[in-house]
Amino acid sequence: MKNKQLPFGIKFFIFTVILVATVSYGLYERGKYESLKSVSSDPILKSMPEFQVSLLDQDVMLSGQQWLEQSPNGGFVHFWGTWCAPCEAEFPAFLNFAEKFVDQNVRFLLIAVNDQRKDVLKFLKRFPNMSSNVTVVIDENNSVMPNFGTVKVPETYLFAPNGKNLNKYVGPQEWQQNSYVVRAKALLQNAAVNSIDVESH
């Protein structure tokens, strides 16, 4: 049985269609890349938004502004949950990290999200000696994360005393490394930083 060869005209047509499709797709992708490059590099979250959270040990609400007023030298806002394995894994190192800022009067607000008060209290029994600059609260209405633009935990923000967002840490971090302490203290001492750094691992 003889192999039937396609006529030259059909071959040329198929080749042209493939070539045009390839070039068109390349131009389309280039256009998407160029539009991404033109997007403003300004941070989405420039300062701490207003929010309300519940204290664990009493039926009292704490606002973001109140917490900021209690943090004369700035502080960290950390989103986490007892149901989150990476959060649980980094929790001890994060508490040790917080201890290194007690003398600087830098405060830490740990916001439990999508969680139950009883589960958070049970979890915290494993950490009876938290430093005085750490406050653990719960977002019972699950409304705080969207205000920050946070979609998954753990996620941590560093704020200057005036509420300016100095740094954002995406995902679990190696808080035991001294470089985190040095860098955070430098950012707090120079609260006029012009850009936000995003650290993720």
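# Exercises on a predicted model

Phe-148 is buried, at a relative accessible area of 4%. The model is predicted.

**Exercise 1. Classify the pair formed by Phe-148 and Phe-159, and state which elements hold the two rings.**

Step 1. Take the distance. The ring centres of Phe-148 and Phe-159 lie 6.1 Å apart. The cut-off for a pair is 6.5 Å.

Step 2. Take the angle. The planes of Phe-148 and Phe-159 stand at 70 degrees. Over 60 degrees counts as edge-to-face, and that is the class of this pair.

Step 3. Phe-148 belongs to helix H5 (residues 144-148) and Phe-159 to strand E6 (residues 155-159). The pair therefore ties together parts eleven residues apart in sequence.

Step 4. Check burial. Phe-159 has a relative accessible area of 0%, so this residue is buried.

**Exercise 2. Count the aromatic pairs in the whole structure, then classify the one between Trp-80 and Phe-91.**

Step 1. The search of the whole structure returns 25 aromatic pairs.

Step 2. For Trp-80 and Phe-91, the centres are 4.8 Å apart and the planes make 45 degrees. Stacked needs under 30 degrees and edge-to-face over 60, so what remains is tilted. The Trp-80 and Phe-91 pair is tilted.

Step 3. Trp-80 sits in strand E3 (residues 75-80), and Phe-91 in helix H3 (residues 85-99). The two residues are eleven apart, and their pair links distant parts of the chain.

Step 4. Burial starts under 20%. Trp-80 is at 0%, so Trp-80 is buried. Phe-91, at 1%, is buried too.

**Exercise 3. Find the aromatic cluster that contains Phe-101, and name the residue that lies over the face of Phe-101.**

Step 1. The cluster consists of Phe-76, Phe-94, Phe-97, Phe-101, Phe-108, Tyr-169, Trp-175 and Tyr-180.

Step 2. Over the face of Phe-101 lies Lys-185, 5.6 Å from the ring centre.

**Exercise 4. Describe the second largest pocket: volume, lining and residue classes.**

Step 1. The volume of this pocket is about 160 Å³.

Step 2. Its lining is Leu-55, Leu-56, Asp-57, Gln-58, Leu-124, Met-130, Val-134, Thr-135 and Val-136. Strand E5 (residues 134-138) gives the largest share, three residues.

Step 3. Sort the lining by class. Six residues are nonpolar, two polar and one charged.

Step 4. Thr-135 lies in strand E5. Its relative accessible area is 17%, so Thr-135 counts as buried. A polar contact of 3.0 Å joins its side chain to that of Arg-107.

**Exercise 5. Locate the cis peptide bond and describe the backbone at Asn-105 and Asn-142.**

Step 1. The cis bond joins Val-153 and Pro-154, with omega about 0 degrees. Pro-154 is in the loop between H5 and E6.

Step 2. Asn-105 has a positive phi, near 60 degrees, though it is not a glycine. This residue lies in the loop between H3 and strand E4 (107-112). Its relative accessibility is 36%, so Asn-105 counts as partly exposed.

Step 3. Asn-142 also has a positive phi, near 50 degrees. The loop between E5 and H5 holds Asn-142. At 38% relative accessibility, Asn-142 is partly exposed.

**Exercise 6. Summarise the secondary structure and burial of the protein.**

Step 1. The protein has six helices and eight strands. From the N terminus the order is α-β-β-α-β-α-β-α-β-α-β-β-α-β.

Step 2. Of the 201 residues, 41% are buried.

Notes
Residues are numbered from 1 along each chain as its sequence is written. This is a predicted model: local features need pLDDT of at least 70, side-chain atom pairs count only at pLDDT 80 or more; totals for chains, interfaces and linings use all residues. Side-chain values use heavy atoms; hydrogens and water are left out. Rings of Phe, Tyr and Trp (its six-membered ring) pair if their centres lie within 6.5 Å; planes under 30 degrees apart count as stacked, over 60 as edge-to-face and the rest as tilted. Helices (H or I, at least four residues) and strands (E, at least two) are DSSP runs, numbered from the N terminus. Buried means under 20% relative accessible area, exposed over 50%, partly exposed in between (1.4 Å probe, protein chains only). A charge sits over a ring if NZ of Lys or CZ of Arg is within 6 Å of the ring centre and within 35 degrees of the ring normal. On a 1 Å grid over the protein atoms alone, a cavity is a set of points where a 1.4 Å probe fits but cannot get out, and a pocket is an open set with protein on both sides within 12 Å along at least five of seven lines; lining residues have an atom within 4 Å of a point. Grid points are joined across faces, edges and corners, and a volume is the space filled by probe spheres set on the points. Ala, Val, Leu, Ile, Met, Phe, Trp, Tyr, Cys and Pro count as nonpolar, Asp, Glu, Lys and Arg as charged, and the others, Gly among them, as polar. A polar contact is a pair of N or O atoms within 3.5 Å; within protein, one must be able to donate a hydrogen and the other to accept it, and residues adjacent in sequence count only if both atoms are side-chain atoms.
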